[in-house]
Amino acid sequence: MMRTLFAAIIFLAVAGCSTPPELQDRPYRLKHPSWFPEPVIPADNSLTQLRVELGRRLFYNKAFSSDYRISCGTCHVPSAAFTDGQPVSTGVHGRPGKRNAPTLANLAWMPHFMMEGGVPTLELQTLAPVSDSNEMNLDILQVSRRLSEDDYLTSLSRAAYGRAIDPYVITRALAAFQRTLVSYDSAYDRYEFLGQKDQLNEAQLRGRALFFSPRTKCGGCHGDPFMTDFEFHNIGLYTTYADPGRERVTYDPADAGKFKTPSLRNIALTAPYMHDGSMGTLQEVVAFYNRGGQDHPNKDFRIQPLGLSPAEEADLVSFLESLTDWNFVQNINHLPLED
Amino acid sequence: MKIRLLLLLVPFILHSCDGNKQKETGDARVTIRIDARVGTEPFEPGVVYTESNGYRYRVETFQTYISMLELVRSDGSSVLVRDFIMATMGSPQTFEVRVPEGDYGSIRFYLGVPAEYNKNVDPTTYPNSHPLSVQGSQGMFWHWNTGYIFTKFDGKADLEGLEGNLLLDPFAFHCGDDPLLRLVELPISSPLIRADSERNFQVHCQVERLLDGEQDQIDIAVDYLTHTQGNFLLARRFMDNFALAFELE
């Protein structure tokens, strides 16, 4: 009896010592500017260096898709502000998806996920693409088994979360990494919040004034600091929508065609636009708003013909272009890790 | 957050209370067997049945969450028998509990998962053996609209009157979301359960009543598909029929 106990203690001591020094975990400080509120991080997934590293490795890991061809990073590409440049994303086996891949910037502040807002946490959001037969088409338990074959990922998982790779670890680690994707350093931010008045040119200044004016009301839904109100609106894109939008989770016909307002941060890099990727350029989007959208019983009252001149349309587009954060899209900490 | 954690613990605490009672002498042993039938025969997936319009149909999947299975005393208090059950209908399950002598007026349970365990709850936080875990839920979870699929009833029917067992017309009822939770309460005809005795209850789900319900008839030639979203009303009609399809023997 004593001997087994002794052996167990020795084993534990050895196991403890055998953790390589690089797997010591430390808290991760999420950098965000003074004009963002404090993010709410779930108590069971506080950010640490190793959790973020594990999430980053998983984000680019192709074992997530049934055909080993697709990772999260296939549809959420850093240089395109984590979108993929396609109208609707192509999933496993080249199957077309149904929606346009959204940016993943500033998810730490997002109150609900997916375009109809049916997912309450970033942790739970991970389950959606993995099991969607149009996206990754794999069961997360199978993903766990595949990932567990990797010794390094397994030791990362143990060091970061104190347990082997399982759906809990996968969802937490991916959420941890994604919370570090913070974008706040556009020309507009420097102008507006840091007082660097040379950051916006004349056209952009005129566009900014229009954007936040009662005339266009753009800022009412795409306001500071995230350039979205995170609410659901029908902007009159169609008279009949193929995609029910918010109605899908509320079953209320008054919510048909309502989608979560997308953030306009890095908008110049995330074409094509709208939930179905139906608009190719910002010029097209602005011209659409200028016409006032199509008739739909649920259309938001703010979407009305605006009577913008071609020059004013161009100014709005220039302003939208000032929302690009080059440091965000070039941040090397967001890229795949070399082994 | 704290409150939710506490709520999660409640069934375990109740459970352990029951466990303690097991050691007391004088308790009665009660079993509750839940099965599914068509008429008086055991229901079997894959077997061809005929519904009231004369259409032949075959059920391929019939699964449901049953939660908070309780024995209710005549004074309104209750004994929890099992908190969450993933029931594959066609494979009967029996649950056992020890209870002190008393009057037990009914057996009560929910079809589905109560709201506090449904929305904002993360299946990855349960151990694999738990019916609400990723593994235990066996795919009965909506990923794009967080929450459990309460009931799946899938199969094929023959609406054209073809020969043989060639059933070509699919039907699928996938129901789940807070407004679809249904409470079933089945009165016990002789409520007194004596000390040191044994009582066995049989709860039957009459499968034919899912379509040909007591108050509503679902015609699978017209109403054959709901994933709750897309046809919420049909999901509601189905769950209403389902809730009235149980009998206690």
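**Ground rules.** I worked from a predicted model, where local features need pLDDT of at least 70 and side-chain atom pairs count only at pLDDT 80 or more, while totals for chains, interfaces and linings use all residues. Residues are numbered from 1 along each chain as its sequence is written, chains are lettered from A and ligands numbered from 1 in the order in which they are written, and side-chain values use heavy atoms, with hydrogens and water left out.

**Domains of chain A.** I found chain A divided into domain 1 (21-183) and domain 2 (187-323); the bounds come from an automatic or database domain assignment. Over C-alpha atoms, the centres of the two domains are 27 Å apart. I looked up contacts (heavy atoms within 4.5 Å) and got 27 residues of domain 1 against 24 residues of domain 2. The two domains bury about 2,100 Å² between them, 61% of it on carbon and sulfur atoms; buried area is the accessible area (1.4 Å probe) lost by two parts on being put together, summed over both. On the domain 1 side, Trp35(A), Met115(A) and Glu116(A) lose the most area to domain 2, together 31% of what that side buries. I counted two salt bridges between the domains, taking a side-chain nitrogen of Lys or Arg within 4 Å of a carboxyl oxygen of Asp or Glu. Glu116(A) also forms a salt bridge with Arg248(A), at 2.6 Å from N to O.

**Chain B against chain A.** I noted 19 residues of chain B in contact with 19 of chain A. The area buried between the chains is about 1,600 Å², and carbon and sulfur atoms give 63% of it. Thr124(B), His143(B) and Trp144(B) supply 38% of what chain B buries there, more than any other three residues. One salt bridge crosses this interface. For Arg172(A) and Asp122(B), which form a salt bridge, I read 2.7 Å between the closest N and O atoms.

**Cavities.** I searched a 1 Å grid over the protein atoms alone for sets of points where a 1.4 Å probe fits but cannot get out, with lining residues having an atom within 4 Å of a point. Two cavities reach 30 Å³ or more. The largest has a volume of about 60 Å³, and its lining includes Ile34(B), Asp35(B) and Met89(B).

How values were computed: 1 Å grid on protein atoms, 1.4 Å probe; cavity = no way out; pocket = protein on both sides within 12 Å on 5 of 7 lines; lining within 4 Å. Points joined across faces, edges and corners; volume = space filled by probe spheres on them.
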